[in-house]
Amino acid sequence: METNLLETERLYLREMNQSDYMALSLILQDEETMQAYNGAFTDAETQDWLDRQIKRYEEYGFGLWAVVLKETNEMIGQCGLTMQPWCDKQVLEIGYLFQRRYWHQGYATEAARACKEYAFTQLDADRVCSIIRDTNIPSQNVALRNGMTITETWTKHYRGIDMPHYLFTAVRARI
């Protein structure tokens, strides 16, 4: 039985496991969904992605989590926290990827807000970021709805091309 780490009005977030491979494939192997990554993943790349999340759970206690629709118990995406390289440092990032048929319904924003709250209250983080390609307007809009602003830009070299990225940041309010 999987343990739900986070719960929102419409969603559960939990650790992914091997049984989530097919649902993950619907996301990572879709060309349009993966345009910010310069193309869909192969079976091997999808398995590597899943293995990397499981390793993150063991190493950090967090990673990208399965986003499960309460109404159907279906995994519709992934959202969570990861440590990511940015320039010469590591940043705590909120990442999200959803099946295309669940876009534009507020699920990414709902899950990302829960992850920001988790980072601030459970991990005692002072700030969280989202690293988003300059061409990925929908993900930028999720970051903006999550109370983030662009604080830096950087060009990453990935899959053989230079990709400009924005660093969206939210800072924890301390009382």
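Let me begin with two helices. Helix α1, residues 21–28, packs against helix α2, residues 43–60, at an angle of about 115 degrees, and their axes lie 10 Å apart. The axes are lines fitted to C-alpha atoms, for helices over the stretch in contact, and angles run from 0 to 180 degrees between N-to-C directions. Helices here are DSSP runs of H or I with at least four residues, strands are runs of E with at least two, and both are numbered from the N terminus.

A word on the source: this is a predicted model, in which local features need pLDDT of at least 70 and side-chain atom pairs count only at pLDDT 80 or more, whereas totals for chains, interfaces and linings use all residues. Residues are numbered from 1 along each chain as its sequence is written, and side-chain values use heavy atoms, with hydrogens and water left out.

To return to the pair, the crossing of α1 and α2 is right-handed. By convention, a crossing is right-handed if the near helix is turned clockwise from the far one by less than a right angle, and left-handed if anticlockwise. Which residues meet in this contact? From α1 come Tyr21, Leu24, Ser25 and Leu28, and from α2 come Asp43, Thr46, Gln47, Trp49 and Leu50. Contact means heavy atoms within 4.5 Å. Five of the residues in the contact of α1 with α2 are nonpolar, three are polar and one is charged. In that division, Ala, Val, Leu, Ile, Met, Phe, Trp, Tyr, Cys and Pro count as nonpolar, Asp, Glu, Lys and Arg as charged, and the others, Gly among them, as polar.

Helix α1 is largely enclosed by the rest of the structure, because six of its eight residues are buried. Buried means under 20% relative accessible area, exposed means over 50%, and partly exposed lies in between, with a 1.4 Å probe and protein chains only. The buried residues of α1 are Tyr21, Ala23, Leu24, Ser25, Ile27 and Leu28. Their cover includes α2, β4 (74–86) and β5.

I turn now to helix α4, residues 137–145. Its buried residues are Ser139, Gln140, Val142 and Ala143. Why do they lie on the same side of α4? They cover an arc of only 155 degrees around the axis, which puts them on the same side of α4; the arc is that of the directions from the helix axis to the C-beta atoms. An α-helix has 3.6 residues a turn, so residues three or four places apart point the same way. The buried residues of α4 pack against β5 (89–98), α3 (107–121), β6 (127–133) and β8 (161–171). Just after α4, Gly147 takes a positive phi of about 80 degrees. Asn136 and Tyr166 are 30 residues apart along the chain, and their C-alpha atoms are separated by 9.9 Å.

Next, the interior. A nonpolar core is a set of buried Ala, Val, Leu, Ile, Met, Phe, Trp, Tyr and Cys residues joined through side-chain atoms within 4.5 Å. The largest one has 48 residues, and those with the most contacts inside it are Leu13, Trp65, Cys79, Leu81, Ile94 and Tyr96. Helix α3 gives the most to this core, with nine residues. A second, separate core of five residues includes Trp86, Val91, Cys129 and Leu167.

Leu81 itself, leaving aside neighbours within four places in sequence, is in contact with residues including Phe62, Leu64, Trp65, Ile94 and Cys115. Leu64 belongs to strand β3, residues 64–69, and is buried, with a relative accessible area of 7%.

Lastly, two residues in loops. Most residues other than glycine have a negative phi. His104, in the loop between β5 and α3, has a positive phi near 60 degrees. Is His104 buried or exposed? At 74% relative accessibility, His104 counts as exposed. Asp124, in the loop between α3 and β6, has a positive phi near 55 degrees, and is partly exposed, with a relative accessible area of 46%.
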